[in-house]
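These are my notebook entries on a single protein chain, written with the sequence and the model open side by side. I went from the overall figures to the details.

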Amino acid sequence: MDTVLHILNTFRGELVTLFLDMAPYIMLGTTIAGILHVAIRKSFVARHAGSGNWLSVVKASLFGVPLPLCSCGVIPTATYLKNAGASKPAVVSFLISTPQTGIDSMIATYGLMGPFMAVFRPITAFIAGITGGTIAHFSEKSGKTPGTPREIHTGKDEPSVQGFFPKLRNMAAYAYFEFIDDIAVNFVIGLAAAALISMAIPDDYFAGRAISQGLPGMLLMVLIGIPMYICSTSSIPIALALMMKGFSPGAAFVFLMAGPATNAASLSVITKVLGKKQTLLFIGSIIVTSLSGGLILDGIISLTGYNLMADIPAHAHGGETVFSWFMTGVSLVFLGLLIFVLIRRVVKRTAHRHTAEERPVTAAGITVLNISGMSCRSCAATAQDAISRVDGITDAEVNIETGQARIKGDFDKKAVIHAIEAAGY
């Protein structure tokens, strides 16, 4: 019994330490993410990524780096860009650079891994996006024109919010509720995984072992990271734990790139958006650029003698932790928001299950369609928006928990299916 209590207390200690390390930086990152959500509209990105030339690839990658979207959340925006006329190479560039990092993960990386990694990570993501988009650009048949908007999914922005206080409310709702809701589950899983690694494996256990160093360690991280669903922020504590246990910084960095870049669930949707050929090029580009980034990072450290571990805060090494009242207060606010959105998820799912039992799917005036390929709230919002644009629809509700759309109105069912497929689902 004492052994079990000791294990639980050790795990709790690792979990609390990691959480307090990250929480203030995530709160700052989510605040800036909310500002970007209000300030940068999809139509603005689409205008600059819409041409079929190589410059659109660069712009798409540049726009993607600061946006706080995960490998599933990025798909609705990428689909919007394609339907709004963006070229496939620009969409590939956006799909590669966006989920690897974001303003939230840049700030969290700085707080947990230091300034060097905080700068190296977005620069590498930017170059990776350009590389993947360039490969796609040259693989396109000569004379092929960029995509054009579809009749059903017109790709219009959501209504613009006017006025300072309405924009402030919109920013706060996105930053502190919608965005945190999107990362909550993966953040908790990533934090728990990092705490388990820190607790179960002795420090430097993998140091000097072939599986953790050089190309073998990086290839292992690619195999783990590509199918895994984890956001750019949640990957940070795991990468840090791997470094603490002896994996080379390059191998940990490969996980930081490959893990958030894509996942098994999103690949089927990406195939619909880009086609099989471009999807294979997309995956290949992620593998090549992540391995290259890892090798470059290890090379820089080897040549310069730079001590990356010295950038990690002292408390990450197990030293005494001293937090200001302000930082602790911010961490508690984030904890409260995290608990709130997780409880809200459970309540909504339970309420919907009870409602579904009381109200059959064949209810008069309601058409129910199953939608596959949705992985987050952004996906559900995009599918709902696409359905709502079909003529004759008076009301549409898409539920991410059930994967269903409940639609009212006098409309053409084939047009609705076309709209959903055009949105990438």
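**Entry 1: conventions and overall figures.** I took a residue as buried under 20% relative accessible area, as exposed over 50% and as partly exposed in between, using a 1.4 Å probe and the protein chains only. With that cut-off, 49% of the 425 residues of the protein chain count as buried. The model is predicted, which I kept in mind by asking for pLDDT of at least 70 for local features and 80 or more for side-chain atom pairs, while totals for chains, interfaces and linings use all residues. I numbered residues from 1 along each chain as its sequence is written, and side-chain values use heavy atoms, with hydrogens and water left out.

I looked up the secondary structure as DSSP runs, numbered from the N terminus, with helices being H or I of at least four residues and strands being E of at least two; the protein chain has 16 helices and three strands. The accessible surface, from the Shrake-Rupley method with a 1.4 Å probe, is about 19200 Å², and carbon and sulfur atoms account for 65% of that surface. Taking contact as heavy atoms within 4.5 Å, I noted that 84% of the contacts between residues at least 6 apart in sequence join residues at least 24 apart.

**Entry 2: helix α6.** I then turned to helix α6 (residues 103-113), where 10 of the 11 residues are buried, so this helix is largely enclosed by the rest of the structure. Its buried residues include Ile103, Met106, Ile107, Leu112 and Met113, but also Asp104, Ser105 and Thr109. They pack against α1, α7 (115-139), α8, α10 and α11. Gly114 follows α6 and has a positive phi, near 95°.

**Entry 3: nonpolar cores.** For a nonpolar core I took a set of buried Ala, Val, Leu, Ile, Met, Phe, Trp, Tyr and Cys residues joined through side-chain atoms within 4.5 Å. Which members of the largest core touch the most other members? In this core of 83 residues they are Met22, Phe94, Leu95, Phe187, Phe282 and Phe334, and α8 gives the most to the core, with 10 residues. Another core, of 21 residues, lies apart from it and has Ala383, Ala396, Val416 and Tyr425 among its members.

**Entry 4: aromatic pairs.** Rings of Phe, Tyr and Trp (its six-membered ring) pair if their centres lie within 6.5 Å, with planes under 30 degrees apart counted as stacked, over 60 as edge-to-face and the rest as tilted. My search of the whole structure gave eight aromatic pairs. Phe19 and Phe187 form one that is edge-to-face, at 6.3 Å centre to centre and with 65° between the planes. This pair links helix α1 (residues 2-39), which holds Phe19, to helix α8 (residues 164-200), which holds Phe187, and the two residues are 168 residues apart. Phe19 and Phe187 are both buried.

Phe177 and Phe340 also form an edge-to-face pair, at 5.7 Å centre to centre and with 80° between the planes. Phe177 is in helix α8 and Phe340 in helix α14 (residues 325-358), so this pair ties together parts that are 163 residues apart in sequence. Phe177 counts as partly exposed at 31% relative accessibility, and Phe340 counts as partly exposed at 42%. I also noted a cluster in which ring pairs link Phe116, Phe120, Phe253 and Tyr306.

**Entry 5: Ser248.** Is Ser248 buried or exposed? Ser248, in the loop between α10 (235-244) and α11 (249-261), is buried with a relative accessible area of 5%. Leaving aside neighbours within four places in sequence, Ser248 is in contact with Ser212, Gln213, Gly214 and Asp298.

**Entry 6: the sheet.** I counted two strands as paired if DSSP finds at least two bridges between them. The three strands form an open sheet in the order β1-β3-β2, with antiparallel pairing. At the edges stand β1 (366-370) and β2 (393-399), each with a single partner strand, so one side of each is left without a neighbour in the sheet.

Six bridges join β2 to strand β3 (residues 404-409), with Ile393 partnered by Gly409 and Asn399 by Gln404. Five bridges join β1 to β3, and here Ile366 stands opposite Lys408. The hairpin of β2 and β3 has four residues between the strands, and in it Gly403 takes a positive phi near 70°.
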